[in-house]
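Good morning, and thank you for coming. I would like to take you through one protein chain, beginning with the whole and ending with a single residue.

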Amino acid sequence: MKEIVSVLEHCPLFSGISPEELPGLLDCLGAQTRPMEKRRPIFSAGQPARYLGVVLEGAVQILQEDYFGGRAILGAAGPGELFGEAFACAGAASLPVTVLASESGSLLLLDCRRVTSPCEKGCAVHQRLVLNLLQVMAQKNLAFHQKLQILSRRTTREKLLAYLDLQARQHQSASFFIPFDRQALADYLGVERSGLSSEIGRLKAEGVLDCQKNYFTLLEKAP
């Protein structure tokens with residue numbers, strides 16, 4: 001429990017809730033912990049949208065796949081971050097996305113009905129949780145609009161630089177890790193992996209950026 005509490009202290013869903021209050025709240029919510037294995041689905045498209053998840057260890061990706069096997073990555077979540085909350089809260093009959101473990105680890109599952117329903121005890125900590133959930137969903141909505149701005153760029157170069165600029169701003173540093181490998185980044189940006197790799201190579205040659213796997217450093221503004 002101590003390890004779970006230490007992660008949830010940094011989770012926005014539990015902001016303002018003390019470590020002493022967390023065990024009782026999790027019990028009230030009927031929270032469940034689950035292991036996750038790399039490249040195995042956590043939720044699959046078509047399943048009922050009932051649970052929201054919090055990554056305790058490892059990482060997940062939210063994917064949308066079409067009939068022909070095409071894949072688009074809609075987002076990612078690491079330790080202390082949520083996934084699936086929008087679909088669960090909307091009461092969707094079935095999930096339109098698949099959530100896949102991109103790294104092995106563990107997660108916490110919360111039944112959305114127990115999160116959003118009034119607590120029998122009318123406790124303030126449960127009310128705080130609901131307010132936090134609303135704020136998280138609002139922030140996710142802003143992030144969605146930011147992604148739309150990135151995808152609206154015309155070329156692979158423009159999309160990549162817009163994405164890296166956003167990451168630098170969010171990390172408040174010119175050097176940062178991104179949650180994607182090359183294929184996943186290509187899927188997220190909606191571009192071909194070969195074209196993305198070529199563009200990264202050109203930007204490195206021009207002295208615009210440097211990178212090692214998923215660690216990037218922006219050196220100067222692109223011409």
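How far apart are the mean positions of the positive and negative charges of the chain? In this predicted model, the chain carries 24 positive and 23 negative charges, and their mean positions are 3 Å apart.

Let us turn to the overall form. The chain contains eight helices and nine strands. Along the principal axes, its C-alpha atoms fill a box of roughly 60 × 40 × 30 Å.

Of the 223 residues, 40% are buried. As for contacts with a separation of 6 or more, 69% of them join residues 24 or more positions apart.

Glycine 105 lies in strand β6, which covers residues 98-111. Is glycine 105 buried or exposed? Glycine 105 counts as buried because its relative accessibility is 18%, and the cut-off for buried is under 20%.

Which residues does glycine 105 touch, leaving aside those up to four places away in sequence? They are Arg34, Pro35, Met36, Glu57 and Gly58. Finally, consider proline 79: proline 79 and glycine 105 are 26 residues apart in sequence, and their C-alpha atoms are 9.3 Å apart in space.

Thank you for your attention.

Note on methods: Residues are numbered from 1 along each chain as its sequence is written. This is a predicted model: local features need pLDDT of at least 70, side-chain atom pairs count only at pLDDT 80 or more; totals for chains, interfaces and linings use all residues. Side-chain values use heavy atoms; hydrogens and water are left out. Helices (H or I, at least four residues) and strands (E, at least two) are DSSP runs, numbered from the N terminus. Buried means under 20% relative accessible area, exposed over 50%, partly exposed in between (1.4 Å probe, protein chains only). Contact means heavy atoms within 4.5 Å. Lys and Arg count as positive and Asp and Glu as negative; His and the chain ends are not counted. The place of a charge is taken as NZ of Lys, CZ of Arg, CG of Asp or CD of Glu.
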